[in-house]
Amino acid sequence: MRKSKPKKRIILPDPKFGDPVVTKFINNIMLKGKKNLAHQIFYDAIDIVSEKTKEDGLEIWKKALANVTPSVEVKSRRIGGANFQIPTEIRPERKQSIGMKHLIGYSRKRNEKSMAMKLAGEIMAAYKEEGAAFKKKEDTHRMAEANKAFAHFR
């Protein structure tokens with residue numbers, strides 16, 4: 001490689017829960033640099049989840065995030081004039097970020113009043129292993145399984 005690898009940025013833990021994964025999630029929610037609003041949305045969503053389920057909202061969120069995190073993905077590779085979908089393992093940081101992006105993206109598409117309510121709804125759906133984000137993970141795994149025959153092209 002010509003260039004050296006960029007240094008890993010240290011992500012500080014969030015003020016309420018003291019968890020760096022929560023900070024990453026809040027940074028993914030944030031639009032146009034409005035971090036306070038992103039904090040408010042996330043904390044409200046966690047409160048709504050714990051209110052509805054009568055359990056610890058943060059633990060439910062962690063389980064939901066684990067449920068929507070894929071372990072394999074397919075990458076397109078051109079071999080001899082044909083494109084093959086090749087299943088590949090995902091490294092842990094990318095797994096986590098993909099799971100977060102799916103959870104946030106599909107919660108934005110939901111039809112509820114506020115973003116906090118949308119996010120809470122998607123978190124609870126993912127916790128119960130249903131909803132759009134979980135379906136996306138299942139589809140990704142199904143696609144990788146279907147193209148397992150091309151794994152040797154890796």
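How are helix 2 and helix 5 oriented to each other, roughly parallel or oblique? The model examined here is predicted, so local features are reported at pLDDT of at least 70 and side-chain atom pairs at pLDDT 80 or more, while totals for chains, interfaces and linings use all residues. Residues are numbered from 1 along each chain as its sequence is written, and side-chain values use heavy atoms, with hydrogens and water left out.

The axes of helix 2 (35-53) and helix 5 (residues 115-127) come within 8 Å and cross at roughly 50 degrees. Helices here are DSSP runs of H or I with at least four residues, numbered from the N terminus; axes are lines fitted to C-alpha atoms over the stretch in contact, and angles run from 0 to 180 degrees between N-to-C directions. The two helices are therefore oblique to each other (angles under 35 degrees count as roughly parallel, over 145 as roughly antiparallel, 65 to 115 as roughly perpendicular and the rest as oblique). Their crossing is right-handed, meaning that the near helix is turned clockwise from the far one by less than a right angle. Contact (heavy atoms within 4.5 Å) joins residues of helix 2 including I41, F42, A45 and I48 to residues of helix 5, among them M115, L119 and I123. By class, this contact has 12 nonpolar, 1 polar and 2 charged residues; Ala, Val, Leu, Ile, Met, Phe, Trp, Tyr, Cys and Pro count as nonpolar, Asp, Glu, Lys and Arg as charged, and the others, Gly among them, as polar.

Helix 5 also meets helix 3 (residues 57-67), with axes that come within 8 Å and cross at roughly 65 degrees. This pair is therefore roughly perpendicular, and its crossing is left-handed. From helix 3, I60, W61, K63, A64 and N67 take part, and from helix 5, I123, A126 and Y127. These residues divide into 6 nonpolar, 1 polar and 1 charged.

Now to helix 1 (residues 20-29), where V22, T23, F25, I26 and I29 are buried, that is, under 20% relative accessible area with a 1.4 Å probe and protein chains only. Viewed down the helix axis, these buried residues fall within an arc of 160 degrees, so they line one face of helix 1; the arc is that of the directions from the axis to the C-beta atoms. Their cover includes helix 2, helix 3, helix 4 (92-108) and helix 5.

Finally, T140 lies in helix 6 (residues 132-146). T140 has a relative accessible area of 17%, so it is buried. Leaving aside residues up to four places away in sequence, T140 touches V72 and E73.

Key
Buried < 20%, exposed > 50% of the residue type's maximum accessible area, 1.4 Å probe, protein only.
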